[in-house]
Amino acid sequence: MTKKAKELTSEKLTGIHLHENPKSAVGVKAISSALSHVKKEVGVGKGIQLLSKINQLDGFDCPGCAWPDPDQKRAFLAEYCENGAKAIAEEATKNKVSPMFFMTHSVQELSEMSDYEIGKSGRITHPMYLAEGGTHYQEISWDDAFNKIGNELNLLKSPNEAIFYTSGRTSNEAAFLYQLFVRQFGTNNLPDCSNMCHESSGIALTETLGIGKGSVTLDDFNHADVVIVIGQNPGTNHPRMLTALSDTKKNGGKIITINPLQEVGLVNYKDPQNPLKWIGKGQDLTDIYLQVKINGDVALLKTILKLMHEEEIKNPGTVFNHQFIEDKTAGIDSLLEDLERYSIEELYPKTGLELDEIKKAAELIIKNEKIIICWAMGLTQHKNAVDNIRELVNVLLLKGSIGKKGAGTCPVRGHSNVQGDRTMGIWEKPNNDFLDNLEKEFHFKAPRKHGFDVVNAIQAMHDKKASVFIGMGGNFISATPDTTFTAKALENCNLTVQISTKLNRSHLVTGKTAIILPCLGRTEIDYQADKEQFVSVENSMGIVHQSKGTLKPCSDKLYSEPAIVVGIANATLKKTTTNWTSLASNYDLIRDKIEATIPGFSNFNKRIRNKGGFYLPNNARENNFTPTKTGKANFSLNKASEIKLHKNQFLMMTIRTHDQYNTTIYGLNDRYRGILNERRVILMNKEDMKRLGFKKLDLVDITSHFKSEERKAKGFLVVPYNIPAQCTATYFPEANVLIPLKSSADKSNTPTSKTVVISIEKR
Ligand SMILES: Nc1nc2c(c(=O)[nH]1)N[C@H]1C(S)=C(S)[C@@H](COP(=O)(O)OP(=O)(O)OC[C@H]3O[C@@H](n4cnc5c(=O)[nH]c(N)nc54)[C@H](O)[C@@H]3O)O[C@H]1N2
Ligand SMILES: Nc1nc2c(c(=O)[nH]1)N[C@H]1C(S)=C(S)[C@@H](COP(=O)(O)OP(=O)(O)OC[C@H]3O[C@@H](n4cnc5c(=O)[nH]c(N)nc54)[C@H](O)[C@@H]3O)O[C@H]1N2
Ligand SMILES: [Mo]
């Protein structure tokens, strides 16, 4: 071992600090952490102004996550969470990335900074251009920027050589215009962050229930007998969901958690809106905690299905809801036949759990009827992700736990408007009805050929089949898998354009030329044609509501996202009959067009002005499954997968710390997991460490194995952790270099960010 490496392992030199996990989530610590971020980034006065408007009926939608707000009752000053406050502090930061900043720092210099430092540089204030062979970005006028983009797009041999990415913060109005422009330009190349996120949920739910969205409302949590939280860490990523779980408990419901890690937020919770509860024990949340192995979920759910079936045979009519199954579903016989092919003895060892623990969970499901299942990335980012979710649906359908109060599906979305962007047509596989509507309203021939999703877009750029990349928000290079391969793909492009609020790595890994278009954020006032505008968003439960910024924009050079799309459209489209300029001058006009083309938006401009917004139609919520292929809710057959590991190989999941928003790193602490001041860590089971001769904070390199390919990431510190054997965890995005592009989920093509086969070598 070199001297340097030896030094690095010492706690003192890396600055890493490990401590016991806290016993409870949220509470006063969360409030003080939120306030200190806001104070540091924004300042006290403006900070208070901001916090008083998050998620209020007349304020802006929190850009933190897609968890819904209470329908009418909102807490004064506190309808937000620690991480929502951090998200808006990041956006409203005092720090600015001005033309001067780019003059003094070359692209090379900036790219040597950490993601944390890049993010902390601040808000981009002016449109910027990186010329071919240039070392520094230079200021460019909006018109010149639009013209350069228009020229480059029009030089392409086919519109399919351009990629138009979207991240999920974009408003409905901007998303609608963006997809309309892209389709008038002539392609469906509209990959989005959803391809890496809940795509698997959308596919599984559409096939089984006829709608790609969840069925529950917030109020259902007050009525549920059992809530299952599987593959999700709400204490960090959807903290306001803990209030809903706590309501379930107060009303006598039970919570089952299924997760390889004991996530503190799911164990115990202190309500931030009730200071009297900050001192004291807090509320226990999870009743049964199943620390399943990574990717052991189908085996676990199948064991539960077997136990339910056995009990139903013993006491007919006491477990299954026969009326519901008869009236509403298809495929019960083949499901039960298929279950016969498995034995409990063969299934449960794949979960890493004791059978008795699973039996306790099964018992709760057997005895109760009103069941909600919540899930997120722990289920969607696996090879068999679609199977994971279909198996959940099997459980709900046997119980008739859907389309009734206190029961149903709850895929918890990530980005605050990721669901709305899809509703607006941001999708590489649009359906024909939607395209027909666009054609009728806008008088053009919409492309019918399906476009590239994220994985295929990367491959196409790498193969030089696409050479212009435009990103409506997001941080493509850091969010996507296979970082080295993806960097090459972007570098192959002639032009990469990022429409962004803050500096990120995608501004630094570019095509031959690059443009940054700085846009208004959620928190900022949006004036068009001298009138204040508002936008709309759709949350995780299908409620569409207003969002209106209240802060003065951080620079007077910013354009809104709709105005940017219109600028690009005007510079690109030669034969459009759409009056783009008028659409950007008054967002009511965009909403009229949405109403004319997308079902569920009748009277949009009127209803969006109702306090709290309105619910979109949801067939599953209404117990109607006619949109599926069979016209009924479908049972499905799913395989309990088994990933064969060689001795000394491990499964690795890449997860979020408590101090980041996807690729935006707020700080270096993962407070709830007791890991402070370092992100390059690998969480390992203590017995596994012993077997390999590893000690706490040893410095290791990680190699991932996929077919015959190997990828390496160097320099991670080993953290002993309560995690099942042969399972490990690292943080996203540092570990993305290890995720092979071709390792993606069946049917949804989502990168398998939660199952990567690795080996670990000590330095
Ligand atoms: N503060 C904050 N909020 C966010 C985000 C953020 O980065 N920061 N990101 C937003 C976005 S875009 C999204 S999609 C969501 C993400 O929200 P989550 O899905 O909660 O985020 P992850 O950190 O990816 O956590 C996945 C969880 O699944 C568990 N898990 C991993 N593999 C498995 C498995 O095989 N089986 C089971 N049962 N569990 C498993 C992990 O232990 C972890 O608890 O959060 C949104 N909200
Ligand atoms: N290994 C691994 N990889 C993953 C995941 C994982 O769990 N593991 N999770 C995946 C998931 S679930 C997701 S959703 C993706 C996220 O992928 P992305 O959505 O592409 O990434 P973000 O980090 O959310 O994007 C942050 C950037 O968005 C810009 N931005 C912020 N607000 C706005 C706005 O209002 N307008 C505009 N135009 N720009 C804005 C800022 O410049 C900021 O730097 O990552 C995926 N990648
Ligand atoms: Mo996401």
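Student: How do strand 2 and strand 10 run, parallel or antiparallel?

Tutor: Parallel. This is a predicted model, and in it two bridges join strand 2 to strand 10, residues 268-270.

Student: Which residue is the bridge partner of Val26 in strand 10?

Tutor: Lys270.

Student: What sheet do these strands belong to, and in what order?

Tutor: An open sheet of three strands, ordered 2-10-11. The pairing there is mixed.

Student: Which strands stand at the edges?

Tutor: Strand 2 (25-26) and strand 11 (283-284). Each has a single partner strand, so one side of each lacks a neighbour in the sheet.

Student: Now the domains. Where are they in the chain?

Tutor: Domain 1 takes 5-22 + 642-762, and domain 2 takes 199-412. Their centres, taken over C-alpha atoms, are separated by 27 Å.

Student: How many residues does each domain give to the contact?

Tutor: Domain 1 gives 31 residues and domain 2 gives 28 residues.

Student: And what area is buried between them?

Tutor: About 2400 Å². Carbon and sulfur atoms give 57% of that.

Student: Which residues of domain 1 lose the most area to domain 2?

Tutor: Pro724, Lys747 and Lys754. Together they make up 21% of what the domain 1 side buries.

Student: What about polar links? How many salt bridges cross the interface?

Tutor: Three, by the rule used. The rule for polar contact finds nine residue pairs across the interface, with both residues at pLDDT 80 or more.

Student: Which strands of domain 1 supply at least two residues to the side that touches domain 2?

Tutor: Strand 25 (650-655) and strand 32 (727-731). Strand 25 gives the largest share of that side, four residues.

Student: Last one: how do the side chains of Asp746 and Lys383 meet?

Tutor: In a salt bridge, at 2.6 Å from N to O.

Key. Residues are numbered from 1 along each chain as its sequence is written. Chains are lettered from A and ligands numbered from 1 in the order in which they are written. This is a predicted model: local features need pLDDT of at least 70, side-chain atom pairs count only at pLDDT 80 or more; totals for chains, interfaces and linings use all residues. Side-chain values use heavy atoms; hydrogens and water are left out. Domain bounds come from an automatic or database domain assignment. Contact means heavy atoms within 4.5 Å. Buried area is the accessible area (1.4 Å probe) that two parts lose on being put together, summed over both. A salt bridge is a side-chain nitrogen of Lys or Arg within 4 Å of a carboxyl oxygen of Asp or Glu. A polar contact is a pair of N or O atoms within 3.5 Å; within protein, one must be able to donate a hydrogen and the other to accept it, and residues adjacent in sequence count only if both atoms are side-chain atoms. Two strands pair if DSSP finds at least two bridges between them.
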